[in-house]
Amino acid sequence: MAKQPKFQTPLGTHDILPSEQYWWQQFRAVAESVATSYGFGRIDTPILEFSELFEKGTGQDTDIVLKEMFRLKTRGGAELTLRPEGTPPVARAYIQHGMEKWTSPVKLYYIGPMFRHEKPQRGRRRQLHQFGLEVFGEEDAARDVQVILAFFRIFEKLKLKDVRLEINTLGSPASRTKYQKVLREYYKPRVKQLGVEWEARLKSNPLRLLDSDDEKALRIRAHAPQILDYLTEEDRAHFREVLELLDTLEIPYFLNPYLVRGLDYYTRTVFEVFQGSDTGEAVDEDGNAVKRLAIAAGGRYDELVKQLGGGEVPAVGGAIGIERTLDVLRAQSKGAPQQEPTIFLVQLGDRAKKQALLLYEEFRKAGVSVGEAFGRGSITAQLKVANKVGAPFAIILGQKEVLDHVVIIREMETGTQETVPEEKLVREIKKRLEKKNKKKGK
């Protein structure tokens, strides 16, 4: 017989198994509660968008558009893309649904999958998930800081350690025009050392020369001009206020004059949040010590709405990489707490099984978590399962117990058993669980 194909997830994608769901549920609960507390409302945009949205919004010459987009054509000939990031779709929705007429600022958050065709490596997957915050309609520096603050509150609630903020400004188009000119002059005699691709970057967007971890590029960048020296007075005042507000809120930051981010729509404030440091304090998904890992990023994008066909709407936002954050959180927490059933139903015989199903519903309605092994025949086999899953109590009933309207409560740790009337069962179990929790100091 021909061997059956072994299907696996495509490269760069992964299944989120039941054992991992605790972390995902924890992240969603924390992130959404923080977003709501800061006045953000949830928005869900389609996974598919027209490719032109990202070409116009993210930038024709960015790595995302040139190398990483998953594109497909419809039967009608339209070109669609699996969204690689969340900001352009939210900006598109802002324009499409007339949110410019809503009370400003419009504050939105999203959570969902993104898709990028890149080589899978530490912290990088082809299907990844992001949680993002976007604020439309105000250019005040307080909005930049509020996005950063919300991210830090999420990391605090998750008890994430060694979190570090790096921040810079790209200024307005007026500041950037002056800066790009001196940057081109600096890199022109040096860019040949880096290769043809870098020469193309110098022509299209010299800021992208600063956005690389290549060792040779970093050495050249170390002496490059800094944008802070070419800001207009208005841009300088805006950035000064951002830093003063961060100081007021006691959010520590590192001023990185070469932080530019790889997307064309950014103006003024840009930031990245890292876990760990250059000395190897971060951890990867296997718990190994590694250098710092970027877990969040964002900035201001005052020109994006206009570029996409809307009005002149200042905006700011950012996104957290969920997989990266959870990889770190799992390693730091050394495993998720086990979600064990608090009781386990053990039954013998058809009538007992029917009664056990009814009891299951009673406990579920009462908020008591229940385990069972209805497919196992013997009491011994079912008790083994109860012991394996760590249930503190087993509820045992056979034909006789059903006829007498009683059940047997077995304490799994000691093996002691007691028969109680069926109508008192839920109350008795709750009392025993409360007593056990008090002993544990919960």
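Let's start at Glu422, which sits in the loop between strand 18 (417–421) and helix 15 (425–440). Helices here are DSSP runs of H or I with at least four residues, strands are runs of E with at least two, and both are numbered from the N terminus.

Before going on, the ground rules. This is a predicted model, where local features need pLDDT of at least 70, side-chain atom pairs count only at pLDDT 80 or more, and totals for chains, interfaces and linings use all residues. Residues are numbered from 1 along each chain as its sequence is written, and side-chain values use heavy atoms, with hydrogens and water left out.

Back to Glu422. What is the nearest side chain of opposite charge to Glu422? That is Arg351, 10 Å away. Glu422 is buried, yet has no salt bridge. Buried means under 20% relative accessible area, exposed means over 50%, and partly exposed is in between, with a 1.4 Å probe and protein chains only. A salt bridge puts a side-chain nitrogen of Lys or Arg within 4 Å of a carboxyl oxygen of Asp or Glu. On charge, Lys and Arg count as positive, Asp and Glu as negative, while His and the chain ends are not counted.

Contacts next. Leaving aside residues up to four places away in sequence, Glu422 touches Gln355, Leu359, His405 and Val406. Contact means heavy atoms within 4.5 Å.

One of those partners deserves a look. His405 lies in the loop between helix 14 (399–404) and strand 17 (406–411). Its phi is positive, about 60 degrees, although His405 is not a glycine. Is His405 buried or exposed? Exposed, with a relative accessible area of 52%.

Lys159 also has a positive phi without being a glycine; the value is near 60 degrees. Lys159 is in the loop between helix 5 and strand 7 (163–169). Lys159 counts as exposed because its relative accessibility is 65%.

Now the salt bridges. How many does the structure hold? There are 23. I'll pick a few.

Asp144 pairs with Arg300, with the closest N and O atoms 2.6 Å apart. Asp144 is in helix 5 and Arg300 in strand 12 (residues 293–300), so this bridge ties together parts 156 residues apart in sequence. Both Asp144 and Arg300 are buried.

Arg42 bridges to Glu32, and here the closest N and O atoms are 3.2 Å apart. Arg42 belongs to strand 1 (residues 41–42) and Glu32 to helix 1 (residues 21–37), ten residues apart. Arg42 is partly exposed at 41% relative accessibility. Glu32 is partly exposed too, with a relative accessible area of 21%.

Glu233 and Arg240 meet at 3.9 Å, N to O. Glu233 counts as exposed, at 53% relative accessibility. Arg240 is partly exposed, at 40%.

There is also a network: salt bridges link Glu418, Glu428, Lys431 and Arg432.

Glu139, Asp140, Glu241, Glu244 and Asp247 gather in a patch of negative charge on the surface. Patch members have over 30% relative accessible area and no salt bridge; like charges are joined within 9 Å, and nonpolar side chains (Val, Leu, Ile, Met, Phe, Trp, Tyr) within 5 Å. Areas come from the Shrake-Rupley method with a 1.4 Å probe, and for residues only the protein chains shown count as cover. A charge is placed at NZ of Lys, CZ of Arg, CG of Asp or CD of Glu. Glu139 is partly exposed, at 45% relative accessible area.

Now the interior. Helix 4 (residues 87–96) is mostly covered, with eight of its ten residues buried. Among them are Val90, Arg92 and Tyr94. What do the buried residues of helix 4 pack against? Strand 2 (48–50), helix 2 (51–57), strand 5 (106–115), strand 6 and helix 10 (304–307). Just after helix 4, Gly98 takes a positive phi of about 65 degrees.

Then a cis peptide bond joins Ser104 and Pro105, with omega about 0 degrees. Pro105 is in the loop between helix 4 and strand 5.

Last stop, Phe40. Phe40 lies in the loop between helix 1 and strand 1. Phe40 counts as buried because its relative accessibility is 4%. Beyond residues up to four places away in sequence, Phe40 touches several residues, including Lys107, Tyr109, Leu133 and Gln146. The C-alpha atoms of Phe40 and Arg432 are separated by 42 Å, and the two residues are 392 apart along the chain.
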